[in-house]
Amino acid sequence: MNNPLRNSFKIQIQSLYLFEFQDFITELFMLRYGTENFIPPREIKDKGADGIITDKNMVIACYGPKKIDKDRYTQKIANDFKLYSDNWQTDYKNWMFVTNNNIPEWGITKINSLKKDSLQIGLDNIVLFVEELPSYQKRELGNYLNINKDLFALDYLKEIIEDLIKDASFTNDNVEYTKQIYFPDKVSLNFDQEDIPFIFQEYDSYFEKGVFNEISNLLFGYDDEDFEKLKHRIIYDFNNKTGNAKGRLYQLTEKYLDKYSNENDDEYLYYIRAILIYLFEQCLIGIKTIGENDITTP
């Protein structure tokens, strides 16, 4: 995740207390471990268990204090572990302690004194768990925590570009975004007359929201070898689709959406299209105008 998004998650998670924190952990672990592998607390009548990860044979204990008090903190650890050992340890040999703060050294010592192989999950670990989720699941948690959706834009763009590079240059001058003066001519060459207003509408949306500049800045950060991979991957995929530019862009969008995301992920769809329209405008794919052919070779 980019730093603003990561920091937003961290701040929001740290501000969750008591049952709000436990409910969030349930949401996170349902995504991380899957509904078939995570039993939420409401289905197990508690007895010291705030969830069970079945395939890890592990019982969860959550603690979301508003402030850290050493005596209460260590007593909470002791109480939760006693409930676990009395009610669950026979059937579930592993125990996880999860909290909304980074566990103090004396907290770690207390947990180790009770069960040395316990899994201890603090705030930074939780943020890492969120970071490891696919984009559409991160977005679900972002909605749950009321995080500004604009913070996800860079995250989506970076993940899409890295996925494309991983599975497979412009020069630096080409990467730096400039609005192409021949774009209307290129649209006329590649799209049927009735589709032209819609492609301009889509293009204007990305341009006005600064999405093309974000793409440009991201691409500029990749080395030439990675950029070559991206370039050839897009050209290969575009040329192996059928029909006109509209049809090929649609087929590529569906291909990448199906492979890298979720069919109902509108945000991912938006940014996939933005990257493809950007590369279409910047000379990489589609029938070229005379102006483009003066700049690049097919």
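Tyr 203 and Phe 207 both lie in helix 10 (residues 196-208), 4 residues apart, or about one turn of the helix; helices here are DSSP runs of H or I with at least four residues, numbered from the N terminus. This is a predicted model, in which local features need pLDDT of at least 70 and side-chain atom pairs count only at pLDDT 80 or more, while totals for chains, interfaces and linings use all residues. Residues are numbered from 1 along each chain as its sequence is written, and side-chain values use heavy atoms, leaving out hydrogens and water.

**Aromatic pairs**

- The structure holds 20 aromatic pairs, where rings of Phe, Tyr and Trp (its six-membered ring) pair if their centres lie within 6.5 Å, and planes under 30 degrees apart count as stacked, over 60 as edge-to-face and the rest as tilted.
- Tyr 203 and Phe 207 make a stacked pair, with 6.3 Å from centre to centre and 5° between the planes.
- Tyr 203 is buried at a relative accessible area of 2%, whereas Phe 207 is partly exposed at 33% (buried means under 20% relative accessible area, exposed over 50%, partly exposed in between, with a 1.4 Å probe and protein chains only).
- The pair of Tyr 270 and Tyr 271 is edge-to-face, because the ring centres are 5.0 Å apart and the planes stand at 90°.
- Tyr 271 counts as buried, with 8% relative accessibility.
- Ring pairs also join Tyr 63, Tyr 73, Phe 81, Tyr 84, Trp 95, Phe 97 and Trp 106 into a cluster.

**Charges over rings**

- The charged end of Lys 186 sits over the ring of Phe 280, 4.5 Å from the ring centre; this label requires NZ of Lys or CZ of Arg within 6 Å of the ring centre and within 35 degrees of the ring normal.
- Arg 248 likewise has its charged end over a ring, that of Phe 238, at 5.4 Å from the centre.

**Salt bridges**

- Side chains of opposite charge can pair when their charged atoms come close.
- A search of the whole structure finds 9 salt bridges, each a side-chain nitrogen of Lys or Arg within 4 Å of a carboxyl oxygen of Asp or Glu.
- One of them joins the side chains of Glu 131 and Arg 6, at 3.0 Å from N to O.
- Glu 131 belongs to helix 5 (residues 123-131) and Arg 6 to helix 1 (residues 3-14), so this pair ties together parts that are 125 residues apart in sequence.
- Both ends are partly exposed: Glu 131 has 25% relative accessibility, and Arg 6 has 22%.
- Glu 132 and Arg 32 meet in a salt bridge too, at 2.9 Å from N to O.
- That pair links distant parts of the chain, 100 residues apart, with Glu 132 in the loop between helix 5 and helix 6 (135-144) and Arg 32 in helix 2 (residues 18-33).
- Glu 132 is partly exposed at 49% relative accessibility, and Arg 32 is partly exposed at 29%.
- Lys 82 and Asp 86 form a salt bridge of 2.7 Å, N to O, with both residues in helix 3 and 4 residues apart, about one turn of the helix.
- Lys 82 and Asp 86 are both exposed.

**Thr 74**

- Thr 74 lies in helix 3 (residues 70-87) and counts as buried, at 19% relative accessibility.
- The side chain of Thr 74 reaches the backbone oxygen of Lys 70 at 2.9 Å.
- Leaving aside residues up to four places away in sequence, Thr 74 touches Trp 106 and Lys 110, where contact means heavy atoms within 4.5 Å.
- Trp 106 is also one of the rings in the aromatic cluster.

How values were computed
Helix = DSSP H or I, 4+ residues; strand = E, 2+ residues; numbered from the N terminus. Polar contact = N/O pair within 3.5 Å; in protein donor to acceptor, adjacent residues only side chain to side chain.
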